[in-house]
Amino acid sequence: MDIEDQEATRGTLLAEIGKCRACRFCVDACAVYQATEGVESMAPYGRLQIIKYLLNGMLDEDDPIVYSLYSCLQCGRCDRICKSKGQNLEVSGLIRLGKYLLSHGLVKGGRSEEV
Amino acid sequence: MEVKRAKLGKDLAKIVGTEHVFTDKPTSVVYAKDTMPWDVEEEIVPHAVVRPANSKEVSGILRYANRKLIPVHIHGSGTSLVGLSRPKAKGIVLDTGRMKAIRIYPERGYFEVEPGMHVAEVKKALAKYKAMLPVFPGSELVATIGGTIAVNTSAHGVDAALGKPGDFILGLEVVLPTGEVIQTGTESTRRPAGIDPTKFFIGSEGLLGVLTLLRMRLIPAPYFQPLVAYYKTTEDILQTVMEMYKRAIFPPLFFEFLDEKAAKIGYEAVGLPEPMGAVAMMRIHSWSKAGSEEQARNFLEFLKTGNPVEARIVTDPGDWDTIWSSRAEAGNYMYRLGMTFGSEISPRVDKLIDAFQEAKSIILNLDSYKGNEFISFGHIGAPTIHAYAFVRTKEIPNELKKAITIEMREKSEELNVKYGGCGGEWGLTAQRVSFLKKKYEPELYELLVKLKQTLDPNDILNRGNLQGWI
């Protein structure tokens, strides 16, 4: 991924996640959320917020972030809920993009990420 | 007072177990975010999120917080529309999500439920017993039963048809802000007469205690008959609501409407022909099928006196599903295309048209934003006016979002003061404290402060909500 693509990915993520109204309708659909007895950072809603606050500089890359994002099973159930009752976001795809940035070392978080 | 996260985490882990305490910042940010449209502020990101399993653990957390003077903010599902869910002070977020057991006792006429169970799940459990939960929020998929009773919200329901959910609470288990656990109320289906402390905690918005068990009467599931009515203008629907109350006609449990613009959007979204004007949709309830049919026929006759273009009982369930879903789809369209800034105006019912027209004028002449649209839909039979400023973009800076929110709140609350209402759905803190001060004598707000101080001398629970926010 060249720098232009990276910037485009960051832009896409921030614009798309910016649409999330934090309604949390997606959380119950998530098997990981259920398995953790309802921890919101282990739910689709939480993962989106974590990517957003990582990109806008409030969060630093750390183990809990990796744990949260990589716990996503990519089952897509959250996508269906968001399509019918939320903002029609491709939630699992956004989480996948966030993981891509992390795994390629393209996002560090903290002040250097402020947009 | 400086708080060390690691030490706090260890201390809380002694109460609830290591796996139920989170001191990482990502989890704290996720819990601090609510439905308010602006970002979480750095200064309120919690030190820790703690997830107790029972009243004993809640008690331990609150006793600890009092010793250390650390604020505790209660978290259900974070769906409040007036900022109740966002912490106002840096502290501990107490998530009720692990307390979600339900026990149904048909032979006793009640059920007991823990606060963290989601409303839709409670409804599913009660349906097996042919019982209805009298709680109807749009967020029922995720909203918690504890949160709805803590706000005592009837949400989409018409109060005059059934009452508030708190009317069906027989008793509570409450952990007081200082950690004592108390039981209130009765195990009989006959509620106590007189000074029953249960009532102090219903609708207390987490200021006076943490609800850890709710005992609620089983309500037989009613039969419903759906009606739809088309009108040339929204004013015709408002007039119909006013007439319904004036003539003392028993109201439907659900009496929703779509104004002209919302009707057009909603009907197009569900593939129905564009209506000529505004649409009203109602669900009449009764405890027998014959009764519901008779009431629906009677209500249809009443509707016809209000000169609708068309009014009918909808007999085909598929047709009704499509019509009813147009209301949600109108909202979805707006929420997806841009941003909405809402209001909750519940005027004296004989002033419904006046209040609606003034709300429309206010929204079309905002100082903080130019070029927004006006749209309205919702539970008009309650009566509640949800008047929305609709902005066709999501690209608005945080500060402007706050400015629009504040202007909408201040000006719509003036209508509540002018026309004798005070809401009925969203609660009276955190954003609405300024309204309390405007509407009532100063002694009323002072009374609330004294009540809070009496039960919570260190101002531990939901600090900032009673002080007012933004």
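This is a predicted model: local features need pLDDT of at least 70, side-chain atom pairs count only at pLDDT 80 or more; totals for chains, interfaces and linings use all residues.
Biologist: Where else is phi positive, say at an Asn of chain B?
Modeller: At Asn307(B), where phi is near 55 degrees although the residue is not a glycine. Asn307(B) sits in the loop between helix H10 (289–304) and strand E15 (310–313) of chain B.

Biologist: Is Asn307(B) buried or exposed?
Modeller: Exposed, because Asn307(B) has 12 C-beta neighbours inside 10 Å and the cut-off for exposed is 12 or fewer.

Biologist: What about Asn88(A), what is its phi?
Modeller: Positive as well, about 60 degrees, and again in a residue that is not a glycine. Asn88(A) is in the loop between helix H5 (77–85) and helix H6 (91–103) of chain A. With 14 other C-beta atoms within 10 Å, Asn88(A) is partly exposed.

Biologist: Why flag these at all?
Modeller: Because most residues other than glycine have a negative phi. Most peptide bonds are trans, too.

Biologist: Then which peptide bonds of chain B are cis?
Modeller: One joins Ala382(B) and Pro383(B), with omega about 0 degrees. Another runs from Thr429(B) to Ala430(B), with omega near -5 degrees.

Biologist: Where do Pro383(B) and Ala430(B) lie?
Modeller: Pro383(B) is in the loop between strand E17 (373–378) and strand E18 (387–391) of chain B. Ala430(B) is in the loop between helix H13 (398–418) and helix H14 (433–439) of chain B.

Biologist: Switching to H4(B), which of its residues are buried?
Modeller: Val119(B), Val122(B) and Leu126(B), in a helix that covers residues 119–127. They lie on the same side of H4(B), because they cover an arc of only 60 degrees around the axis.

Biologist: What is on the face turned away from that side?
Modeller: The exposed residues Lys124(B) and Ala127(B).

Biologist: And what covers the buried residues of H4(B)?
Modeller: Among the elements covering them are strands E5 (102–105), E6 (110–113) and E7 (131–132), along with helix H5 (145–151) of chain B.

Biologist: How is chain B split into domains?
Modeller: The domain assignment gives domain 1 (5–95), domain 2 (102–220) and domain 3 (223–418).

Biologist: How many residues are in contact between domain 1 and domain 2 of chain B?
Modeller: 13 residues of domain 1 of chain B contact 18 residues of domain 2 of chain B. On the domain 1 side, helix H3 (residues 55–68) of chain B gives the most, six residues. That side divides into five nonpolar, seven polar and one charged. The centres of the two domains, taken over C-alpha atoms, are 23 Å apart.

Biologist: Last topic, the contact between chains A and B: how many residues come from each?
Modeller: 24 residues from chain A and 23 residues from chain B. In chain A, helix H3 (44–55) and helix H4 (63–70) each supply at least two residues of the side that touches chain B.

Methods:
Residues are numbered from 1 along each chain as its sequence is written. Chains are lettered from A and ligands numbered from 1 in the order in which they are written. Two residues are in contact if their C-beta atoms, placed from the backbone, lie within 7 Å. Helices (H or I, at least four residues) and strands (E, at least two) are DSSP runs, numbered from the N terminus. A residue is buried if 20 or more other C-beta atoms lie within 10 Å of its own, exposed if 12 or fewer, and partly exposed in between; C-beta atoms are placed from the backbone. The arc is that of the directions from the helix axis to the C-beta atoms. Domain bounds come from an automatic or database domain assignment. Ala, Val, Leu, Ile, Met, Phe, Trp, Tyr, Cys and Pro count as nonpolar, Asp, Glu, Lys and Arg as charged, and the others, Gly among them, as polar.
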